[in-house]
Amino acid sequence: GKELCTAAELMEIADLCFSSLRNDPEAMPIPDDLGFPKGNLYDLSIAGWTKFWNETLKQENPVTPDFVKAFISTESGFRDVKDQHSKAGDARGLIQITEQTRKILQNPKGELKDYLISMTIEESRIPEVNIAAGVRWLYHKRKLLKIRLKRDVTWEEVGAEYKGIFPDLGKHQRSDEIMQEIKERHKKLKDQRRPGPM
């Protein structure tokens with residue numbers, strides 16, 4: 001009885017539904033490349049999957065396209081990176097989906113209770129599928145972090161949890177530097193969205 005999308009279905013959703021978002025400045029992330037050559041290349045996918053999961057999961061404090069864009073910049077710099085090795089297993093693609101995450105996302109008997117995503121290793125590297133799965137995983141990490149901390153959490157904190165550095169914040173300099181990077185890039189985009197003086 002759990003909803004499950006395949007990679008092919010995710011790509012079909014993107015192909016059929018996302019093009020209309022190009023003319024919606026609220027749905028699109030700020031068109032700032034954040035200093036990366038491909039920094040604006042995936043803006044439509046970021047807009048589409050942010051909107052898709054916000055509408056599907058109907059959560060308070062929905063994730064913004066600006067946060068997703070800033071977060072991807074800290075994961076891959078918008079590069080089609082080769083698999084990165086980590087203690088959680090190989091991480092793949094723009095938003096760095098680990099092998100452990102890929103397995104959890106598609107396991108109907110696992111910790112994810114709804115809206116699963118079935119994808120092969122190769123499919124998890126496809127930008128459209130990778131971003132869709134990454135935004136879904138951000139929401140799951142937010143849920144787990146809220147339960148653990150018994151309070152609401154910021155999306156920057158969720159980003160640190162996704163990266164596995166949240167427990168190290170305030171204890172390890174490198175973790176604090178990564179968190180600062182997330183905050184600074186997110187703020188750069190948010191500040192451009194604020195209306196100017198009348």
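**Figure 1. Phe36 in the loop between H1 and H2.** In this predicted model, Phe36 belongs to the loop that joins H1 and H2. Phe36 counts as buried because its relative accessible area is 16%, which falls under the 20% limit for burial. Setting aside neighbours within four places in sequence, the contacts of Phe36 are Ser73, Gly77, Phe78 and Arg185. One of these residues, Gly77, is 41 residues from Phe36 in sequence, yet the two C-alpha atoms are 6.4 Å apart in space.

**Figure 2. Pro25 in the loop between H1 and H2.** Pro25 is also placed in the loop between H1 and H2. With a relative accessible area of 58%, Pro25 is exposed, since exposure requires a value over 50%. Pro25 and Arg193 are separated by 168 residues in sequence, and their C-alpha atoms lie 9.4 Å apart.

**Figure 3. Ser73 and its contacts.** Ser73 is a residue of helix H3. Its relative accessibility of 4% classes Ser73 as buried. When residues up to four places away in sequence are not counted, Ser73 touches Leu34, Phe36, Phe78 and Arg185.

Figure 4. Helix H3 spans residues 65–75, and eleven of its eleven residues are buried, so the helix is largely enclosed by the rest of the structure. The buried set includes the aromatic side chains of Phe67 and Phe71, and it also takes in Asp66, Lys69 and Glu75. These buried residues of H3 pack against H2, H5, helix H6 (155–163) and helix H7 (173–193). After H3 comes Gly77, which has a positive phi near 60°.

Figure 5. Which residues of helix H1 (residues 7–17) are buried? They are Ala7, Leu10 and Ala14. These residues lie on the same side of H1, because they cover an arc of only 60° around the axis. In an α-helix there are 3.6 residues a turn, so residues three or four places apart point the same way. On the face of H1 turned away from the buried side are the exposed residues Ala8, Asp15 and Leu16. The cover over the buried residues of H1 includes strand E1 (4–6), helix H2 (43–57), strand E4 (116–118) and helix H5 (127–149).

**Figure 6. The contact of H1 with H5.** The axes of H1 and H5 are 9 Å apart, and the two helices pack at an angle of about 100°. That angle makes H1 roughly perpendicular to H5. From H1, the contact is formed by Ala7, Leu10, Met11 and Ala14, which meet Glu128, Val129 and Ala132 of H5. By class, the residues of this contact are six nonpolar, no polar and one charged.

**Figure 7. Two residues other than glycine with positive phi.** Most residues other than glycine have a negative phi. Asn61, in the loop between H2 and H3, has a positive phi near 55° although it is not a glycine. Gln96 likewise has a positive phi, of about 55°, without being a glycine. Gln96 is found in the loop between strand E2 (91–92) and strand E3 (97–98). Are these residues buried, partly exposed or exposed? Asn61 is partly exposed, with a relative accessible area of 34%, whereas Gln96 is buried, with a relative accessible area of 9%.

**Figure 8. The protein as a whole, for orientation.** The secondary structure comprises seven helices and four strands, which follow one another along the sequence as β-α-α-α-β-β-α-β-α-α-α. The radius of gyration is 16 Å, in agreement with the value near 16 Å for a compact globule of 198 residues. Along the principal axes, the C-alpha atoms fill a box of roughly 55 × 45 × 35 Å. Of the 198 residues, 48% are buried. Among contacts with a sequence separation of 6 or more, 58% are between residues 24 or more positions apart.

Conventions: Residues are numbered from 1 along each chain as its sequence is written. This is a predicted model: local features need pLDDT of at least 70, side-chain atom pairs count only at pLDDT 80 or more; totals for chains, interfaces and linings use all residues. Side-chain values use heavy atoms; hydrogens and water are left out. Buried means under 20% relative accessible area, exposed over 50%, partly exposed in between (1.4 Å probe, protein chains only). The arc is that of the directions from the helix axis to the C-beta atoms. Contact means heavy atoms within 4.5 Å. Axes are lines fitted to C-alpha atoms, for helices over the stretch in contact, and angles run from 0 to 180 degrees between N-to-C directions. Angles under 35 degrees count as roughly parallel, over 145 as roughly antiparallel, 65 to 115 as roughly perpendicular and the rest as oblique. Ala, Val, Leu, Ile, Met, Phe, Trp, Tyr, Cys and Pro count as nonpolar, Asp, Glu, Lys and Arg as charged, and the others, Gly among them, as polar. The radius of gyration is taken over C-alpha atoms; the globule rule is 2.2 Å times the number of residues to the power 0.38.
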